[in-house]
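Hello,

Here is the structure I promised to pass on to you. Have a look at it first, and then read on for what turned up.

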Amino acid sequence: MKTIWIITKRELNSFFDSLIAIIMIVLFLGFSGFFTWISGSDIFLVGQASLRSFFGIAYWTLFFFIPALTMRMLAEENKSGTIEMLLTKPVTDRQVILGKYLATIILIAVALALTLPYVITVSKIGNIDAGGTICGYLALLLISAAYASIGLFTSSITSNQIVAFLSALFIGLFFHIIFQIIASGMKGFFGQVINSLSMTVHFESLSRGVLDSKDLVYFGSIIFMGLFLTEVSLSRRNAYN
Amino acid sequence: MKTAKISSTIILMTVIVIIVNILSENYSFRLDFTEGGEYTLSKATRNILKDLAKPVTITAYFSKDLPPNIGNVSGNLKDMLIEYGNRSNGMVVFRFVNPNESEGLEQEAMKNGIQPVMINVREKD
């Protein structure tokens, strides 16, 4: 656990040293703030004291920003060869992965925590649904965790950051909209199966304030599979036929 | 590690994850955190259900094979009706009818004031 935390701190430092974190937080707040308060179907247009519109926007902004955060994590180490140095230290593959993963989650949690003024503002304007809002934030954190694990995986299979970024977006796009689009044109059992693969369906069910064990298992599975495949792809360097 | 071992581990893990997801589909629980409890039965509903003297039959008309975004409504309704049945000690009985099965059932639905709704589904093109 201590080892993981050391790696996490090191990653966080490198985020903040290279201004990536600042740029990401500013862009995230800028985009979501603009569409939550000023333009589009913003809170004043909806006319309800709820953060639904913010959750809808953040769902999209996080989808684009998370691959940008995770793309350099392992790809850069692969390219510069520092991955060998890192892994010959007395740390396991799993600790390296979890450390880097945790750093991403913490950065996203900080970005989300900075939107707390939205909550305070809306709760001053009207009667906000506390349970629904907390569930909405939980849903945002869970989709971020899911996309971060996908991003970490694509970062581990290549030494090119752009490739890592684009393949994370490509895989993410399936969960984000494509499964839902396919399912809406299908009927019966297969339609249900593909529909339940869609991140949007689970996100909406959670962000309206209902904590369903199905949704938690779904997010847990994606996070687990992402991290598991990352570990496998790291351990591939020792593989022989 | 052998390459064959890696691929077998991946397949094993995928199967486990799929099984866990199927199980969670069947054994799920829900906690409602909305302020008004929008997705749970209210106390008034529960009291009415408890005091029912005669059996109540609810008939729901749903076509089969609806696209999932509409089909989910029938699932949600079914969940709710099951809960009604449990809370009323079996006084609430419900049945789901597919009006497309026969002309007679369609007539019956029409007689009960259910108008058919057109839905466009693109199958093969």
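Predicted model: local features only at pLDDT ≥ 70, side-chain atom pairs only at ≥ 80, totals over all residues.

Phe31(A) sits in helix 2 of chain A and belongs to a nonpolar patch on the surface, along with residues including Phe16(A), Leu19(A) and Ile38(A). Together, the patch residues have about 920 Å² of accessible area. Helix 2, residues 20–38, provides the largest share of the patch with 8 residues.

Helix 11 of chain A gives another picture. Of its 9 residues (199–207), 7 are buried, so the rest of the structure largely encloses this helix. Among the buried ones are Met199(A), His202(A) and Phe203(A), and their cover includes helix 4, helix 8 and helix 12 of chain A. At the N-terminal end, Ser198(A) caps helix 11, with a side-chain oxygen 3.3 Å from the backbone nitrogen of Thr200(A). Just after the helix, Gly209(A) has a positive phi of about 110°.

Now to the two chains. In chain A, 36 residues are in contact with 34 residues of chain B. About 2900 Å² is buried between them, 59% of it from carbon and sulfur atoms. On the chain A side, Lys187(A), Leu211(A) and Lys214(A) lose the most area to chain B, together 17% of what that side buries. Across this interface the rule finds 0 salt bridges and 1 residue pair in polar contact.

Enjoy exploring it!

Best wishes

Terms used. Residues numbered from 1 in each chain as written. Chains lettered and ligands numbered in written order. Heavy atoms only, no water. Buried < 20%, exposed > 50% of the residue type's maximum accessible area, 1.4 Å probe, protein only. Helix = DSSP H or I, 4+ residues; strand = E, 2+ residues; numbered from the N terminus. Contact = heavy atoms within 4.5 Å. Polar contact = N/O pair within 3.5 Å; in protein donor to acceptor, adjacent residues only side chain to side chain. Patch = residues over 30% accessible without salt bridge, like charges linked within 9 Å, V, L, I, M, F, W, Y side chains within 5 Å. Areas by Shrake-Rupley, 256 points an atom, 1.4 Å probe, with all protein chains shown as cover. Salt bridge = Lys/Arg side-chain N within 4 Å of Asp/Glu carboxyl O. Buried area = accessible area lost by both parts, 1.4 Å probe.
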